[in-house]
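Dear colleague,

Please find below the structure for your review. My findings on helix packing and on charged side-chain pairs follow it.

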Amino acid sequence: MKTILFDSVNVPGITFYNSSVGRLVVFGSELRTFLIHGSHVFGLNLLRVRFSNSIYVRNSSVRYLMINSTEYVGGDERGEEEYGEKRAVGRIELSGLENVRRVGINVRYPLMRRILEEHGIKPSASSERSVKATSLVMRDLQFDRAARFKRQVRLSIRRFHGNIVLENLDVFGHAEILASWLKNPEFVHMRVMGNMIFRRVSFNGDFSWNSTVLPNIPVELNVEGFVEIEDCRFNSHRAAEVLYRLARISWERNGDFERADRYYYLEMVEKRQSRLAGRRRGIKKLFLKMEALFEWLFADLTCKYGTDWKRPILIWLAAVNVFFPLLFFLTKSVEGLSGSMSFLDYEYFSVVTATTLGYGDYHPIGVGRVIASIEALFGMFMWAVFLTVFARRYMR
């Protein structure tokens, strides 16, 4: 068959076994189960479909697979989930597919535009719903390895809501997950030859996912290009730390240390917050807070964990030329050879103290000795920070 169109139908199920179809379109329909097995399909399009059981595409050859505005609308069916297993219904499963050129979840493409226009819907004005399912499983997908597809986005998931499992995938090209709400995402033996992009994604993992699945993501998800994480949200600092580390390693491996430093800073911030979020009480909790405060003050505030060499210079200039001279001026705690002291004299004394020159023409008295001691330690520390960060950034 060349083209099959299901338009606004309400049926218990649609099943294809050992069939060959050029283009298969299901639009604006309601069904219980959708199944394709052992078939050859050039283009499969599920657009604005509501299903009450599951969608399966298994052991078939599918070139283009597009799912838009499709959602699970099942009732209160209960099964294995009563015993802690994942729900068997509400599942979109794509497994054992060959010759795949592109898999798109909520992506726009010319055929979708044509279908909407034929139904009197303006594509630019239509608000597409999210694809909602209890679980989206992609397993054992073999992508077309033609050279002309290498630089294209082969796997695109947009506005998906639910659990996602990507297993045994070898994506010959780029992959992206955008504007989605993911619950307990799993990446198992997944390899992306291009870039992996996460943008405006909300990662939501429970305690079991954080302790079992999350630590293995850097090992199971192999990205040969770059990992980009932009405007994402995490319900745990540990998850953010692991994913930012994955992104940092990818940029370091490809030689872009500036972007790697950005993800390193985010990783360290989440690591600090993760320690504070631990389940500790009493004196241990107090020590953790003090340690986090010390780390924020001397590592984050001063130089963003060694990634920003401009910040120590600005802090040094502001403190030495404004803050400490103002303290000396207000306390009148500096004496010199001349009887009267102007603000410029206090500033001069502050610079001499911060650089530990000590000419001797001015000296602190009273509380000024404490302030001068603190400023001397501050000056040495900030110069050490600046030299370390500058050398790390430009001489590696």
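**Helix packing and salt bridges**

Helices α7 and α8 cross in a right-handed manner. Please note that the model is a predicted one. The axes of α7 (residues 310-331) and α8 (residues 343-354) come within 8 Å, at a crossing angle of roughly 125 degrees; the two helices are therefore oblique to each other. On the α7 side the contact includes Trp316, Phe324 and Phe328, and on the α8 side Phe343, Tyr346 and Phe349 are among the residues involved. Sorted by class, the residues of this contact are 12 nonpolar, 2 polar and 1 charged.

As to charged pairs, the model holds 22 salt bridges. Two of them involve strand β6.

- Glu71 pairs with Arg50, with 3.4 Å between the closest N and O atoms. This pair joins strand β8 to strand β6 across 21 residues of the chain. Glu71 counts as buried because its relative accessibility is 13%, whereas Arg50, at 32%, is partly exposed.
- Arg58 pairs with Glu93 at an N to O distance of 3.1 Å. Here strand β6 is linked to strand β9, the partners being 35 residues apart. Arg58 has a relative accessible area of 28% and is partly exposed, while Glu93 is buried at 7%.

A further salt bridge connects Glu267 and Arg248, whose closest N and O atoms are 2.7 Å apart. Glu267 lies in helix α5 and Arg248 in helix α4, 19 residues apart, and both residues are buried. They also belong to a salt-bridge network with Arg238, Glu241, Arg245 and Glu252.

Yours sincerely

Key. Residues are numbered from 1 along each chain as its sequence is written. This is a predicted model: local features need pLDDT of at least 70, side-chain atom pairs count only at pLDDT 80 or more; totals for chains, interfaces and linings use all residues. Side-chain values use heavy atoms; hydrogens and water are left out. Axes are lines fitted to C-alpha atoms, for helices over the stretch in contact, and angles run from 0 to 180 degrees between N-to-C directions. Helices (H or I, at least four residues) and strands (E, at least two) are DSSP runs, numbered from the N terminus. Angles under 35 degrees count as roughly parallel, over 145 as roughly antiparallel, 65 to 115 as roughly perpendicular and the rest as oblique. A crossing is left-handed if the near helix is turned anticlockwise from the far one by less than a right angle, and right-handed if clockwise. Contact means heavy atoms within 4.5 Å. Ala, Val, Leu, Ile, Met, Phe, Trp, Tyr, Cys and Pro count as nonpolar, Asp, Glu, Lys and Arg as charged, and the others, Gly among them, as polar. A salt bridge is a side-chain nitrogen of Lys or Arg within 4 Å of a carboxyl oxygen of Asp or Glu. Buried means under 20% relative accessible area, exposed over 50%, partly exposed in between (1.4 Å probe, protein chains only).
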